Amino acid sequence: MATNTWGRDEILGNFQAATGNEDFASCLQILESYGWDLQLALNSYFQDQETQPPTSNSRSSPIIVDDPPAFINLDPTPETVGNLQTDSASSSSHKTLTFEISWHTQNLTIALTENQTVEELKRLLHLQTDVAMDEINLEGWPSGDSAVQSDTILSTLNLSSVTHLVFHVPAKVTVSPAEYLACNIPDIASQRKEDENKEFHAPRAINVSDSFNQETSAPQISLNVHHNGRDYRLRYNRNETVKDVKRELFILTKINTRNQEWNGWPEGANDNSKLGELDLASDHFLLILSKEGESSSGHTFINEKPMDSGTAGSVEDSEDELMIMHHDEDYDDDAIFDNDAAQSKKPKTLLARDSNDTFDVMIQFQHNFVERYGDVHPPFYVGPLKNAIEEAGGSRAAERRPLLLYLHHDSSVLTHIFCSQILCSQQLVSYVTHNFVTWPWDMSHESNRQRFVNMLVLHFGNSAASTVSKYRDSDYPLLLIVMKSKAGLEVCSILQANASLDEVMMSLINGYEVFEQAKLVEIKSENERTERDLMKQEQDAAYHESLAADRAKVQAEKERHSEEMEKMRQEQEVQDMREAERASCEEQLPDEPPSSAKNTTNIRFRFPNGETEQRRFYEHQKLNVIFMYVTSKGFSMNSNEHRIVTNFPRRQLSEDSLQRTLKELKLCPRENLFVEEI
């Protein structure tokens, strides 16, 4: 959220929390004089504090915030962002792309045109977050993360108007770049000028986890700083100065650099001394005695024992990130004189840093948990969170179960009590086993905490991630009850470790009852949907059956019609052939002899249709003429459909006699012939 969109009450509260100034009227006057710009007001306030000379009766109060917010987000002003994006705004011919980017607990919105590159997107993120561009890792690209390079043009990625991405960065402590810049760090401008080739970031405590795998050109120096019951392990390059160390401890402890009192620096060291030029071992133990005037408690020991190169690959000796170790009430101050004894007091975390939710990692979590708390524990789901969500969802509504997320943290004093007396109690284990799917995660390392927050953003949304991020280390362990709603998966309840077993059981029971009520509604809805689907299937089956019958009927009709047409065609062909044959015979038939002609015979024909005709023929004409005459009347003699027979005596005139004369066949002087159908 940009400064100019904050409510004034929120700005005033943040100003008082950062400065420790409880005078409402003076805070109000300062903010009004700077137009309610929180960053300008903070810069002015701390500059005034630095310029006031210390007296014997009064000192400049250090900045102490008991419980600072995870981030005080002071985004660039609209004018600044507008200047940075002039090129993209000047061209109206290009499509504008909006990027919604999840970063820690914040949502960053950046608008670019499609002709710009991924590198320009990273540059804007660098200006808003102060994270180096080469450390910015964006995930969630639609075309796949591996296919996106810094010089990739946005128009080639086929992006929608709004694209949601996840911004992964190295593990960070809860100090934002805006807070760091808001504080008056002495000579910060001159330091930038002295080293122009070195990118300026918020303190090293903000960028720590990836340095473990980076190979530097010069050896690094590890400094262990003890202050007020906490140990800070910091790693520096050899060309950095004592002033750099003091500035970073100012961010971590809220003690102004000029009010810091140190024990353990080599003789002759000053603020401008480079660490590589001092007589420091690779692993050096220093003590900071809090602000000026406080008791040192006698801690002046410097441990100059170098790192054992043979164990450089171990988790304990190769930590490159800032370790903040909470000491128990019975912590032995003498243990800091013995590095091995201090290491033996540090318990083995359930998950190593930079862990992923793979099957092997979750098996290791369960193994470490059993070693510490015994075999009686909830049945932890062994596998990625995505698979646990699918297991809880079930294939049908009746098989669904709520998801129970257990978040472990070794830094909390409540962890051991909660695990041994509540989480591993037979009553809770039995209830959870039958009613929940339980998935665990260890939040002890900052890198693992950030990875879990990213998983929450991916599976449950920004709201759940923001809610979980607000809990401090001392609030852990946590139990998150996750249920499915119409909008998706939702964290409906969070149980803290300061509750009793009865309270935890009551919360679990209430949560499960709410889930069961919702599940009954889902089961009813699913059954109704199943019935509707079954009815629809039956209707579809009947429809398809009727459609098939109609199609078969149509096909049969088509076939019948086709057969009729074929039959008609064949009949027409036969008829055409008969007509041609009849016409040919009629044309070839000799003329009938006149009545006065001699040597003729008179023959009467009776046809199948009952008609009779009489015609004269010459006695010397052959039987073939009789056949031609019958054919000319439409009764074919070549298709074996008709035959000619005499009346008495009855005999058939066959084709074998076609060349014999009528006289030879005794058809003279007259004869009756019958044409019959065969």
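Modeller: Start with one rule: rings of Phe, Tyr and Trp pair if their centres lie within 6.5 Å. This model is predicted. In it, ring pairs link Phe-365, Phe-369, Tyr-373, Phe-380, Tyr-406 and Phe-418 into a cluster.

Biologist: How many aromatic pairs does the structure hold?

Modeller: The count is 20 aromatic pairs. One of them joins Phe-380 and Tyr-406.

Biologist: What describes a pair of aromatic rings?

Modeller: Two values do: the distance of the centres and the angle of the planes.

Biologist: Which parts does the pair of Phe-380 and Tyr-406 tie together?

Modeller: Phe-380 sits in the loop between helix H11 (359-373) and helix H12 (385-393). Tyr-406 belongs to strand E9 (residues 403-408). The pair therefore ties together parts that are 26 residues apart in sequence.

Biologist: Are Phe-380 and Tyr-406 buried or exposed?

Modeller: Phe-380 is buried, and Tyr-406 is buried too.

Biologist: How should I read the rings of Phe-607 and Phe-635?

Modeller: Take distance, then angle. Their centres are 5.1 Å apart and their planes lie at 10 degrees, so this pair is stacked. Phe-607 is in the loop between strand E13 (600-606) and strand E14 (612-618). Phe-635 is in the loop between helix H18 (623-632) and strand E15 (642-646). The pair links distant parts of the chain, 28 residues apart. Both Phe-607 and Phe-635 are buried.

Biologist: Now helices. At what angle do the axes of H12 and helix H15 (residues 446-460) cross?

Modeller: Roughly 40 degrees, and the axes come within 11 Å. That angle makes H12 oblique to H15. The crossing is right-handed.

Biologist: Which residues make the contact of H12 and H15?

Modeller: H12 brings Leu-385, Lys-386 and Ile-389. H15 brings Met-455, His-459 and Phe-460. Sort them by class: the contact has four nonpolar, one polar and one charged residues.

Biologist: How do helix H17 (residues 501-588) and H18 pack?

Modeller: They pack at about 130 degrees, with axes 8 Å apart. H17 and H18 are therefore oblique to each other. Their crossing is left-handed.

Biologist: Which residues in H17 and H18 meet?

Modeller: On the H17 side, they are Glu-581, Arg-582, Cys-585, Glu-586 and Gln-588. On the H18 side, they are Met-628, Thr-631 and Ser-632. By class, the contact of H17 with H18 has two nonpolar, three polar and three charged residues.

Biologist: Where is the place of Trp-103, and is Trp-103 buried or exposed?

Modeller: Trp-103 is in strand E1 (residues 96-103). Its relative accessible area is 4%. Buried means under 20%, so Trp-103 is buried.

Biologist: What distance separates the C-alpha atoms of Trp-103 and Gln-450?

Modeller: The separation is 9.7 Å, although Trp-103 and Gln-450 are 347 residues apart along the chain.

Biologist: Last, the whole chain. How many helices and strands does the protein chain have?

Modeller: The secondary structure comes to 18 helices and 17 strands. Of the 678 residues in the protein chain, 41% are buried.

Definitions and conventions. Residues are numbered from 1 along each chain as its sequence is written. This is a predicted model: local features need pLDDT of at least 70, side-chain atom pairs count only at pLDDT 80 or more; totals for chains, interfaces and linings use all residues. Side-chain values use heavy atoms; hydrogens and water are left out. Rings of Phe, Tyr and Trp (its six-membered ring) pair if their centres lie within 6.5 Å; planes under 30 degrees apart count as stacked, over 60 as edge-to-face and the rest as tilted. Helices (H or I, at least four residues) and strands (E, at least two) are DSSP runs, numbered from the N terminus. Buried means under 20% relative accessible area, exposed over 50%, partly exposed in between (1.4 Å probe, protein chains only). Axes are lines fitted to C-alpha atoms, for helices over the stretch in contact, and angles run from 0 to 180 degrees between N-to-C directions. Angles under 35 degrees count as roughly parallel, over 145 as roughly antiparallel, 65 to 115 as roughly perpendicular and the rest as oblique. A crossing is left-handed if the near helix is turned anticlockwise from the far one by less than a right angle, and right-handed if clockwise. Contact means heavy atoms within 4.5 Å. Ala, Val, Leu, Ile, Met, Phe, Trp, Tyr, Cys and Pro count as nonpolar, Asp, Glu, Lys and Arg as charged, and the others, Gly among them, as polar.
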